[in-house]
Amino acid sequence: MFITFEGIEGAGKTTQIKLLYEFLKSRGNNVVITKEPGGTELGKRIRDLILNPNIDDKPIGMSEIFMYLADRAHHVETFIKSYLKKNYFVISDRYIDSTIAYQGYGRLFDIQILEYLNNIATQGLKPDITFILDLEVENGLNRIKNRNLLDRIEQESFEFHSRIRKGFLEISKKENRFCVINSNDTIENVFEKIKNIIVDKIKIEM
Ligand code: Z5A
């Protein structure tokens, strides 16, 4: 089972992924957590190249796309597929839908071309379930404002982040795998909703 979490900055993905990991583990499942960009050793280097705000020669939009795709191609082939073959639950913090939301809705690259490139990078591998954690942009940015060093994308404008939120909500209507969760709630309440959907979808013994 391949589960992905998506959403704007500060949506609570990392927090909820840890809770889901503990929940699935406590029921005796094999589970692994990963993320994009940076789920592999090579990916960690790519992540630094994309997000480090202190690099003088910052990637242009097109370079950024191909770096996310390179990270993803390597991640799918060397990590995700091998754990899925071993019957693990693979939980990824971001995947294909981030490219559509950030590079498509955010940076205004052609969405059909991005979908095509995503398909090549992943060899068509789609998640079984994708949680989109949704909340107002103000609230998300407020949650992360005390971080010492905001990365290059976190430093983007309010309008940029608003387009991304809208993008995720539009994407969510396109396929049945999406579950939009209102994450403007307590950590416990958000997790309760996620847990109920997982239990229902995959019929875990409670
Ligand atoms: N990106 C892209 O452009 N294209 C792509 O194809 C891909 C990615 C794959 C990755 O950065 C960046 O790359 C990302 C998109 C872009 N943009 N940026 N920046 P990342 O993975 O480092 O950043 P992130 O995914 O946005 O992580 P985040 O900012 O840490 O958000 P989060 O994981 O969703 O939230 P969190 O760490 O769980 O929580 C944030 C804070 O809120 C923390 O203090 C929590 O304790 C708190 N929190 C969490 N839940 C709650 C609730 N319910 N109430 C109150 N407070 C809460």
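Trainee: Where in the chain is the place of Pro37?

Mentor: Pro37 sits in the loop between β2 (31-35) and α2. The peptide bond leading from Glu36 into Pro37 is cis, with omega near -10°. Before we go on, residues are numbered from 1 along each chain as its sequence is written, and side-chain values use heavy atoms, with hydrogens and water left out. This is a predicted model, so local features need pLDDT of at least 70 and side-chain atom pairs count only at pLDDT 80 or more, while totals for chains, interfaces and linings use all residues.

Trainee: Let's turn to α2. Which residues of helix α2 are buried?

Mentor: The term buried means under 20% relative accessible area, with exposed over 50% and partly exposed in between, using a 1.4 Å probe and protein chains only. In α2 (residues 41-51), Gly43, Ile46, Ile50 and Leu51 are buried. Viewed down the axis of α2, they fall within an arc of 110°, so they line one face of the helix; the arc is taken over the directions from the helix axis to the C-beta atoms. The face turned away from that buried side carries the exposed Glu41 and Arg45.

Trainee: What do the buried residues of α2 pack against?

Mentor: They pack against α3 (61-85). Contact means heavy atoms within 4.5 Å.

Trainee: And α4: how many of its residues are buried?

Mentor: Eleven of the eleven residues of α4 (residues 96-106) are buried, so the helix is largely enclosed by the rest of the structure. Its cover includes β1 (2-7), α3, α5 (111-122), β4 (129-134), α7 (158-171) and β5 (178-182).

Trainee: How should I read a nonpolar core, and which residues touch the most other members of the largest one?

Mentor: The general idea is that in soluble globular proteins nonpolar side chains tend to be buried together. A nonpolar core is a set of buried Ala, Val, Leu, Ile, Met, Phe, Trp, Tyr and Cys residues joined through side-chain atoms within 4.5 Å. The largest core here has 45 residues, and Phe5, Leu20, Leu24, Phe131, Ile194 and Ile198 touch the most other members. Helix α8 (residues 187-202) gives the largest share of this core, six residues. A second, separate core has eight residues, among them Phe2, Val32, Phe79 and Ile80.

Trainee: Which residues is Ile194 in contact with, leaving aside its neighbours within four places in sequence?

Mentor: Ile194 contacts Phe5, Gln16, Phe131, Leu133 and Ile181. Take Gln16 next: this residue of helix α1 (residues 13-26) is buried, with a relative accessible area of 3%. The C-alpha atoms of Gln16 and Ile187 are 7.5 Å apart, although the two residues are 171 residues apart in sequence. The Gln16 side chain also reaches the backbone nitrogen of Phe191 at 3.3 Å. For a polar contact, we ask for a pair of N or O atoms within 3.5 Å; within protein, one must be able to donate a hydrogen and the other to accept it, and residues adjacent in sequence count only if both atoms are side-chain atoms.

Trainee: Now the ligand. Which residues are closest to it?

Mentor: A residue counts as near when one of its heavy atoms lies within 4 Å. The ligand is surrounded by 28 residues, of which Glu9, Thr14, Thr15, Arg47 and Thr99 are the closest. A ligand nitrogen is 2.4 Å from an N or O atom in the side chain of Glu9. A ligand oxygen is 2.5 Å from an N or O atom in the side chain of Thr15, and an oxygen of the ligand is 2.9 Å from a polar backbone atom of Gly12. The protein covers 83% of the 1,100 Å² of accessible area that the ligand has on its own; such areas come from the Shrake-Rupley method with a 1.4 Å probe, and for residues only the protein chains shown count as cover.

Trainee: Is Glu9 buried or exposed?

Mentor: Glu9 counts as buried at 10% relative accessibility, and is found in the loop between β1 and α1. Its side chain makes a polar contact of 2.9 Å with the side chain of Tyr102 and one of 3.3 Å with that of His161. Glu9 is also in contact with Arg94, one of its partners beyond four places in sequence, and Arg94 counts as buried too, at 12% relative accessibility.

Technical notes. Helix = DSSP H or I, 4+ residues; strand = E, 2+ residues; numbered from the N terminus.
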